[in-house]
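Hi everyone, thanks for making the time.

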Amino acid sequence: QVHVVESGGGLVQAGGSLRLSCAASGRTFSSYPMGWFRQAPGKEREFVAGISRNSVSTYYADSVKGRITISRDNAKNTVYLQMNSLKPEDTAIYYCAAGAVAFYSGTAYTRANNYAYWGQGTQVTVSS
């Protein structure tokens with residue numbers, strides 16, 4: 001059984017920063033891509049960022065490029081989401097997801113149904 005657990009959410013003022021962490025267990029962490037998605041109230045879940053198993057490739061939604069960075073530490077079985085210059089529209093529940101297969105190309109990272117395991121989510125609230 002694969003477990004995915006997010007942490008690090010909270011309340012922050014606009015312009016501030018947060019770092020989310022996601023710990024995964026139950027299979028070889030370094031063998032699969034990872035992704036972050038978010039869901040705001042009344043909206044559909046959307047892709048935020050994705051990272052290949054060896055960190056060579058990263059992908060971002062246009063809305064977060066330049067402000068958010070995804071990274072991973074395979075030795076710690078953890079993926080991170082560093083969020084800077086936060087805006088009120090970044091308010092959402094942030095979900096970490098583990099890939100279903102070892103390799104994705106391009107837009108495959110952005111599709112939620114390509115991820116097999118999901119965490120429960122962590123709330124991020126950005127006040128204006």
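Let's start with Ser52: its side chain makes a polar contact with the side chain of Asn54, at 3.0 Å. One thing to keep in mind throughout is that this is a predicted model. Where does Ser52 sit? You'll find Ser52 in the loop between S5 and strand S6, which covers 58–60. Is Ser52 buried or exposed? Its relative accessible area is 7%, and the cut-off for buried is under 20%, so Ser52 counts as buried. If we set aside the neighbours within four places in sequence, Ser52 is in contact with Pro33, Ser57, Arg72 and Tyr109.

Okay, on to the core. The largest nonpolar core holds 34 residues, and those with the most contacts inside it are Met34, Trp36, Val48, Val79, Leu81, Met83 and Tyr94. Which elements give two or more residues to this core? They are strands S3 (18–25), S4 (34–39), S5 (46–51), S7 (68–73), S8 (78–83), S9 (92–99) and S11 (122–127). S9 gives the most, with five residues. Take Leu81 as an example: not counting residues up to four places away in sequence, Leu81 touches Leu18, Arg19, Leu20, Trp36, Val48, Ala49, Ile68, Thr69, Ile70 and Tyr94.

Now the sheet. Strands in a sheet pair through backbone hydrogen bonds, and they can do that in a parallel or an antiparallel way. Here we have four strands in an open sheet, ordered S1-S3-S8-S7, with antiparallel pairing. S1 (3–7) and S7 are at the edges with a single partner strand each, so one side of each has no neighbour in the sheet. From one strand to the next, the twist averages 15°. If you zoom in on S1 and S3, which run antiparallel, five bridges join them. One to look for is Val4, whose bridge partner in S3 is Ala24.

Asp73 is partly exposed, at 24% relative accessibility. A polar atom of the Asp73 side chain lies 3.1 Å from the backbone nitrogen of Ala75. Not counting residues up to four places away in sequence, Asp73 touches Phe29, Thr78 and Tyr80.

Last topic, charges. Side chains of opposite charge can pair when their charged atoms come close. How many salt bridges does a search of the whole structure find? The search finds four. Arg38 takes part in a salt bridge with Glu46, at 2.6 Å from N to O. Arg38 is buried at 6% relative accessible area, whereas Glu46 is partly exposed at 36%. Arg38 also forms a salt bridge with Asp90, with the closest N and O atoms 2.9 Å apart. That pair links distant parts of the chain, with Arg38 in strand S4 and Asp90 in the loop between S8 and S9, 52 residues apart. Both Arg38 and Asp90 are buried. Through shared partners, salt bridges join Arg38, Glu46, Arg67 and Asp90 into one network. Then there's the salt bridge of Asp62 with Lys65, where the closest N and O atoms are 3.2 Å apart. Asp62 is exposed, at 65% relative accessibility.

How values were computed: Residues are numbered from 1 along each chain as its sequence is written. This is a predicted model: local features need pLDDT of at least 70, side-chain atom pairs count only at pLDDT 80 or more; totals for chains, interfaces and linings use all residues. Side-chain values use heavy atoms; hydrogens and water are left out. A nonpolar core is a set of buried Ala, Val, Leu, Ile, Met, Phe, Trp, Tyr and Cys residues joined through side-chain atoms within 4.5 Å. Buried means under 20% relative accessible area, exposed over 50%, partly exposed in between (1.4 Å probe, protein chains only). Contact means heavy atoms within 4.5 Å. A polar contact is a pair of N or O atoms within 3.5 Å; within protein, one must be able to donate a hydrogen and the other to accept it, and residues adjacent in sequence count only if both atoms are side-chain atoms. Two strands pair if DSSP finds at least two bridges between them. Axes are lines fitted to C-alpha atoms, for helices over the stretch in contact, and angles run from 0 to 180 degrees between N-to-C directions. A salt bridge is a side-chain nitrogen of Lys or Arg within 4 Å of a carboxyl oxygen of Asp or Glu.
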